[in-house]
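Dear colleague,

I am passing on the structure we spoke about, and below it you will find a short account of what came out of the analysis. Please read it with the model open beside you.

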Amino acid sequence: MKLSKRFWGFIIAALVIYAVVQVLITTGTLNPFYSNTLIFICINIMLAVSLHLVIGITGQFSIGHAGFLALGAYLSAIVTMKLHLPFILALIVGGIVAAFAGLIVGIPTLRLRGDYLAIATLGFAEIIRIIFLNIEYVGGAAGMQVKHMTTWTYAFISLVITIIIISNFTNSRHGRACIAIREDEIAADAMGINTTYYKVLAFVIGAFFAGIAGGLYAHNFYIIQPQNFGFLKSFDILIFVVLGGLGSLSGSVISAILLTLVSTFLQEYPETRMILYSVVLILVMLYRPQGLMGTKEITDVVANLRSKRREAS
Amino acid sequence: MEWLQQIINGISLGSIYALIALGYTMVYGIIKLINFAHGEVFMIGAFTGFVAIVHFELSFVPALIIAMFTCSVVGVLIERIAYKRLRESTRIAALITAIGMSLFIQYLFIYFRGAEPEAYPQDVLPERTLDIFGVKVSMQALLILFISIVLMILLQFIVQKTKIGRAMRAVSYDKDAARLMGINVDNTISATFAIGSALAGAAGVIFGIYYTKIDPLMGLIPGLKAFVAAVLGGIGIIPGAMVGGFILGIVETLVSAAGFSLFRDAAAFIILILILLFRPAGIFGKNTKEKV
């Protein structure tokens, strides 16, 4: 009862945000710079939330998320620019190919733990980048021209679907299995949870949404180049999740919004931005390793406050 | 004879990887942390050597020593400022801090200096080619190999024969027991960082002389590859890092000699994934069972 109430509340809030922004865009109150920033925020939230499922919920430390972003971006660009098929199909193809890559990457590497898994996923992302760098069909190092097709509608609908699916997954039986793996893999195994299956499942779902985000990303920037998908991009996504709190979906959404705004305003000073990012990351790890929200969700915080007030009165 | 020449080039390249990998492996052995900032220490070593050679007009050996000294100071600073507080926290927190530290050094360096690359002077080491039984070997490659081997022997001596080396081995085996035996664990860990970083600094100078081009972001890829070398040999095992570095250097050189030079960087990661799948403990490592 409570959960369904929360779900409908979320849907209504999403509709309201969508309608307000859409009206602002069509009436021209928001200039293209701001609407682009909003689309970029949507893409970054999708990336953050999809990585949150892998790192925050399942506890598998993957630092190669940009690899899936790259796959989604290139594949969807091929579908629209080379095969001239519709954009919506391109997004789905990008997502499916990235999910498939996640499956191939995940089955062998998720046997590894901690540091080794991190390095292996980083290695896979680098391999994907180097492969695109060497394929002439997609322009090699010079990159690939892509038409601007991503609109606020596409970005926002994809975002809402991503959040709904990932939060429902987290609250389902499968999600609880993933959380059990995060807490203690050996104990989870002993309780009869098929740990490999759930780790790969979370990884594939994460890769799928990263792939869709990649499709939106490619069609928002006119050009995609392999160098956009290097280690730094993976790091950008990682910092959303870490800063927001490992295990908190709303935390990663909030930090994705905040950091995207910060980096948009610091666009002309990329060094300052990176120094700021890395200092924030180090300080958060030293003094608040659980991140902004810890494993709590924003709804828990609100409910807590409310019950406290009721006790007081 | 072509391939023999390539193998010798590969060994010289591998000796650079091996020197960096030694730092990774020593640090991992003692505090179980992948020190991502190690590649940046390597970069600082390359730039210190450059400044010493070009601006202070020193010859190769003093430049090398200055670079090694500077790097060991930097390494100890990184450890004292960031990693020391994280010893009791989770592995992920430590790893994220290391990544943050790496980026912080890179971009702080770019902020104050700019991102443009610098060309190492060509005349630091004698540039001649020797002809040994029809194999053309550049003097530079041989000298690089010689210096690396001297440094590795020195390291083996320190670790095996001196008091601080014994302390390092004890701490990496069991930190608490070592502390009970009266070993100063903090100082031992700092000494490990100092030695590992000094080797990375030496690797930086050698890299600069061999490849002639250095830039503030140069540490990332060699750093990651050296980590691959350390894993390949068995992380935490000093001879393993040397062998892993040499193997990686040879494989990379052969891959580019076979005409796949663009895929050279991918070779290291493919090796990494294969080794992690089939022998995760590395060539020299022993398989250990995980206890509950």
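In this predicted model, the contact between the two chains involves 43 residues of chain B and 37 residues of chain A. Between them, chain B and chain A bury about 3700 Å², and 82% of that area lies on carbon and sulfur atoms.

On the side of chain B that touches chain A, at least two residues each are supplied by helix 3 (60-83), helix 4 (91-113), helix 9 (220-233) and helix 11 (264-278) of chain B; the largest share comes from helix 4 of chain B, with 15 residues. Sorted by class, this side of chain B has 35 nonpolar, 2 polar and 6 charged residues.

Turning to the nonpolar core, the largest one holds 198 residues, of which Ile224(A), Leu22(B), Phe36(B) and Tyr83(B) touch the most other members. The element that gives the most to this core is helix 2 (residues 32-57) of chain A, which contributes 15 residues.

With best wishes

Definitions and conventions. Residues are numbered from 1 along each chain as its sequence is written. Chains are lettered from A and ligands numbered from 1 in the order in which they are written. This is a predicted model: local features need pLDDT of at least 70, side-chain atom pairs count only at pLDDT 80 or more; totals for chains, interfaces and linings use all residues. Side-chain values use heavy atoms; hydrogens and water are left out. A nonpolar core is a set of buried Ala, Val, Leu, Ile, Met, Phe, Trp, Tyr and Cys residues joined through side-chain atoms within 4.5 Å. Buried means under 20% relative accessible area, exposed over 50%, partly exposed in between (1.4 Å probe, protein chains only). Helices (H or I, at least four residues) and strands (E, at least two) are DSSP runs, numbered from the N terminus. Contact means heavy atoms within 4.5 Å. Buried area is the accessible area (1.4 Å probe) that two parts lose on being put together, summed over both. Ala, Val, Leu, Ile, Met, Phe, Trp, Tyr, Cys and Pro count as nonpolar, Asp, Glu, Lys and Arg as charged, and the others, Gly among them, as polar.
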